Amino acid sequence: MVGKTRRITCLLVLCSSLLSVGCAVKSQQLKTVRNISSQNTQALLPYTWTLQFGGYQGTVYASESGETIIFSNHLGDAVVLENFTLRETHRLGLFRHFWQIISGRDWNSLYKQGQYIGTFKCGNWLDAGSLNKELTQSNDKIFQQTCKTENNTITQNTILLDDQDRVKYMEFFLLGEEHSIELRKS
């Protein structure tokens with residue numbers, strides 16, 4: 001687990017230092033984006049995402065390494081997903097918190113600033129069909145993941161795909177937080 005945490009941390013440092021790294025969840029675009037100058041923001045527009053947490057909103061860039069996707073920017077904001085499961089967050093604007101999710105056999109443990117918050121378990125991602133039409137357009141597809149805490153509180157994580165099966169919106173809830181983390185394709 002320590003090696004995996006170090007690998008993710010190294011990826012975060014690399015991604016945070018390179019503003020021009022990113023992709024729209026497709027790895028073949030990563031090479032193109034790496035060649036774009038950080039001053040050429042027009043060229044980065046196809047690869048940007050909007051991060052929202054509470055009242056904070058910022059622009060982040062996605063990069064991919066195997067099953068890990070890191071959304072980060074030069075301000076230090078970062079969200080780490082592994083197989084579309086939230087693993088770590090850093091800074092998030094004014095909040096400046098570090099959350100880490102450590103996976104066990106059946107439950108995940110959430111730590112905020114190194115302090116244990118609690119445990120939760122998330123199910124598989126399921127096709128939610130037309131349950132949430134307020135988020136979707138005509139041919140969009142919505143997937144949801146139900147998470148349950150040790151106190152039986154239930155939340156729903158969401159992924160929205162466009163008509164070409166590209167991810168365009170993701171929402172993840174953190175145990176004990178009133179705000180969700182939202183990532184929207186810019």
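Biologist: Glutamate 182 forms a salt bridge; which residue is the partner?
Modeller: A salt bridge is a side-chain nitrogen of Lys or Arg within 4 Å of a carboxyl oxygen of Asp or Glu. In this predicted model, the closest N and O atoms of the pair are 3.6 Å apart. The partner of glutamate 182 is arginine 184.

Biologist: Is glutamate 182 buried or exposed?
Modeller: Buried means under 20% relative accessible area, exposed over 50% and partly exposed in between, with a 1.4 Å probe and protein chains only. Arginine 184, at 42%, is partly exposed. Glutamate 182 has a relative accessibility of 19%, so it counts as buried.

Biologist: Thanks! Before we go on, what pLDDT do local features need?
Modeller: Residues are numbered from 1 along each chain as its sequence is written, and side-chain values use heavy atoms, with hydrogens and water left out. As this is a predicted model, totals for chains, interfaces and linings use all residues, side-chain atom pairs count only at pLDDT 80 or more, and local features need pLDDT of at least 70.

Biologist: Where is confidence lowest?
Modeller: pLDDT is the predictor's confidence in each residue, from 0 to 100, and its mean over the protein is 76. Strand β13 (residues 180-185) has the highest mean, 94. Where pLDDT is low, the predicted coordinates should not be read in detail. Confidence is lowest, at a mean of 39, in helix α2 (residues 28-34).

Biologist: How many bridges join β1 to β2?
Modeller: Helices (H or I, at least four residues) and strands (E, at least two) are DSSP runs, numbered from the N terminus, and two strands pair if DSSP finds at least two bridges between them. Strands β1 (residues 48-53) and β2 (residues 56-65) run antiparallel, with leucine 51 opposite glycine 58. The number of bridges joining these strands is 6.

Biologist: And which residue in the turn between β2 and β3 has a positive phi?
Modeller: β2 and β3 (residues 68-72) also run antiparallel, joined by 5 bridges. Their hairpin leaves 2 residues between the strands. The residue with a positive phi, of about 65 degrees, is glycine 66.

Biologist: Why does the salt bridge of lysine 168 and aspartate 140 tie together separate parts of the sequence?
Modeller: Their side chains meet at 2.9 Å, N to O. Lysine 168 lies in strand β12 (residues 167-173) and aspartate 140 in the loop between β9 and β10, so the pair links parts whose separation in sequence is 28 residues.

Biologist: Which residue pairs with lysine 141 in a salt bridge?
Modeller: Lysine 141 lies in strand β10 and its partner in the loop between β11 and β12, so parts 24 residues apart in sequence are tied together. The closest N and O atoms are 2.4 Å apart, and the partner is aspartate 165.

Biologist: Last one: which residues does aspartate 163 contact, leaving aside neighbours within four places in sequence?
Modeller: Aspartate 163 is in that loop too, between β11 and β12. Contact means heavy atoms within 4.5 Å. Beyond those neighbours, the contacts of aspartate 163 are Asn139 and Asp140.
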